[in-house]
Amino acid sequence: MRSLAPDLLEQARSLAAIDPKRPKAANLRRAISAAYYSLFHFFLDDFERQFVPALRRCVTHNDMTRASRMVEDLYKEQQQPTGAKTKTSLILKDITVSTDLLEVASSFIALQKARHEADYGVHTGHSRSDALANIVRCAKAHAAWAACRVRPEARAYTSLFFIEPTDKKLVER
């Protein structure tokens, strides 16, 4: 099956470019949403290649967000070790988070937040530069994932989609 990810990224670019003088809010909102969904499907495509294809439907947006937050937390812990270990560092004890994986995780969180604001924040305005910034962030995350996808850290990240920590402090911020 052909991936939706490149088509969604192209759709985001097209929507952001419509109406060069006065862009319609709906087009900008849909551009931001399409950029997020491009990244979401990009991960699902790789996830499907790594694991059983039928599991693709089991992964939710919240699973990816939780995994991304865990990666961000682990990166921070690795940059400033205090000696105290979080559950994330115990789960991923031999994994070092690269700047590529950090870019992927941070971008997923930021793009999901932007999509929520674009789709549900009816009182929030969006500019073309907002839409374009989200599209660029998505493209950078695609490139960062391509750079790290074959490393053990990428497999660990996608494995985190199935980890349901009992310590809510890991997932709530």
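A search of the whole structure, which is a predicted model, finds zero disulfides, a disulfide being a pair of cysteine sulfur atoms within 2.5 Å. Cysteine 138 is buried, with a relative accessible area of 0%, and cysteine 148 is likewise buried at 0%, where buried stands for under 20% relative accessible area, exposed for over 50% and partly exposed for what lies in between, with a 1.4 Å probe and protein chains only.

In this predicted model, local features need pLDDT of at least 70 and side-chain atom pairs count only at pLDDT 80 or more, whereas totals for chains, interfaces and linings use all residues. Residues are numbered from 1 along each chain as its sequence is written, and side-chain values use heavy atoms, with hydrogens and water left out.

The protein chain has seven helices and zero strands, these elements being DSSP runs numbered from the N terminus (helices H or I, at least four residues; strands E, at least two). Of its 173 residues, 46% count as buried. The accessible surface comes to about 9,500 Å², of which 56% belongs to carbon and sulfur atoms, the areas coming from the Shrake-Rupley method with a 1.4 Å probe. Among contacts with a separation of 6 or more, 78% are accounted for by residues 24 or more positions apart, contact meaning heavy atoms within 4.5 Å.

Two of the helices can be set side by side, with the expected span taken as 1.5 Å times one less than the number of residues.

| Helix | Residues | Span, first to last C-alpha | Expected span |
|---|---|---|---|
| H2 | 26 residues | 38 Å | 38 Å |
| H6 | 21 residues | 30 Å | 30 Å |

H2 is mostly covered, since 19 of its 26 residues are buried. In H6 the buried residues include Arg128, His142, Cys138 and Cys148, and what covers the buried residues of this helix includes H1, H2, H5 and H7. Asparagine 134 also has its place in helix H6 and counts as buried at 13% relative accessibility.

Methionine 64, leaving aside neighbours within four places in sequence, is in contact with Phe40, Phe43, Leu44, Val59, Phe108, Tyr157 and Phe161.

Rings of Phe, Tyr and Trp (its six-membered ring) are taken to pair if their centres lie within 6.5 Å, with planes under 30 degrees apart counted as stacked, over 60 as edge-to-face and the rest as tilted. The count comes to nine aromatic pairs. In one of them, tyrosine 37 and phenylalanine 40 have ring centres 6.4 Å apart and planes at 90°, so the pair is edge-to-face. These two residues are separated by about one helical turn because they stand three residues apart in helix H2. Tyrosine 37 is partly exposed at 24% relative accessibility, whereas phenylalanine 40 is buried at 6%. Both belong to one aromatic cluster, whose members also include Tyr36, Phe43, Phe108, Trp145, Tyr157 and Phe161.
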